[in-house]
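Reader: Please take a close look at one part of this model. Which of its residues face inward, and what do they pack against?

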Amino acid sequence: MEFAGSVLGESWILYTNCRQVKLGRAVDMTCFLCGREQEDHQHLFFRCGISRLCVELVQRWLGRPVGEEFSWSVIRRLRGRSMLEKLVLYAAFSGLVHHIWMTRNVCRVYFYIRSPTCIVNDLKLELRVRVGSLQAKLSRRDMEWLRSVELV
């Protein structure tokens, strides 16, 4: 099962090192973040040591899965949870993918790797900003949950 098609959807094709080699470009296939394995979708998103630490931090923060097995079906199984909680979880997943990709690109160009804690802190800040515009429209239960995960 390929990560890009299974979790991100068929339209998500990111030009990892392995993908560039398949397209005929002469590049080193080693992951920019860990420098140990070939950088493909499966590795970069959630098997690389750096991204795996990011996933663990987000899971501890939200108390929900956001890793490789994440999907809308996981969200649907969260019975008794509000739509806001489900949307925040999905936003955390998609934001984490974005931040890992951006961290990879910064490392590729500037040879600088941000720590998993910094990556997740940026994700938290981004989610706080997104949720901040909704506060006036939220139920008391949603506000309590947002406080419990430190998003307000």
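Author: Of the contacts in the protein with a separation of 6 or more, 55% join residues 24 or more positions apart; a contact means heavy atoms within 4.5 Å. This is a predicted model, in which local features need pLDDT of at least 70 and side-chain atom pairs count only at pLDDT 80 or more, while totals for chains, interfaces and linings use all residues. Residues are numbered from 1 along each chain as its sequence is written, and side-chain values use heavy atoms, with hydrogens and water left out.

The protein has 8 helices and 0 strands, where helices (H or I, at least four residues) and strands (E, at least two) are DSSP runs numbered from the N terminus. Of its 152 residues, 43% count as buried; buried means under 20% relative accessible area, exposed over 50%, and partly exposed in between, with a 1.4 Å probe and protein chains only.

Helix α7 covers residues 116–132, 17 residues in total. From first C-alpha to last, α7 reaches 24 Å, close to the 24 Å expected at 1.5 Å a residue; the expected span is 1.5 Å times one less than the number of residues. Its buried residues are Pro 116, Ile 119, Val 120, Leu 123, Lys 124, Leu 127 and Val 131. Seen down the axis of α7, these fall within an arc of 140°, so they line one face of the helix; the arc is that of the directions from the helix axis to the C-beta atoms. They pack against α4 (49–62), α6 (83–110) and α8 (140–148).

Of these partners, take α4 next. With 14 residues, α4 reaches 20 Å from its first C-alpha to its last, close to the 20 Å expected at 1.5 Å a residue. Buried in α4 are Ile 50, Ser 51, Cys 54, Val 55, Val 58, Trp 61 and Leu 62. These residues cover an arc of only 135° around the axis, which puts them on the same side of α4. Their packing partners are α3 (41–44), α6, α7 and α8. After α4 comes Gly 63, with a positive phi near 70°.

Thr 103 lies in helix α6 and is buried, with a relative accessible area of 2%. Leaving aside residues up to four places away in sequence, Thr 103 touches Leu 33, Arg 114 and Ile 119; Ile 119 is among the buried residues of α7. The side chain of Thr 103 also reaches the backbone oxygen of His 99 at 2.8 Å. Leu 33 is 75 residues from Arg 108 in sequence, yet the two are 8.5 Å apart in space, C-alpha to C-alpha. Arg 108 is in helix α6 and counts as partly exposed at 40% relative accessibility.

Helix α6 also holds Tyr 90 and Phe 93, 3 residues apart, about one turn of the helix. The structure holds 2 aromatic pairs. The rings of Tyr 90 and Phe 93 have centres 6.5 Å apart and planes at 45°, so the pair is tilted. Rings of Phe, Tyr and Trp (its six-membered ring) pair if their centres lie within 6.5 Å; planes under 30 degrees apart count as stacked, over 60 as edge-to-face and the rest as tilted. Tyr 90 counts as partly exposed at 31% relative accessibility, whereas Phe 93, at 3%, counts as buried.

Terms used: A polar contact is a pair of N or O atoms within 3.5 Å; within protein, one must be able to donate a hydrogen and the other to accept it, and residues adjacent in sequence count only if both atoms are side-chain atoms.
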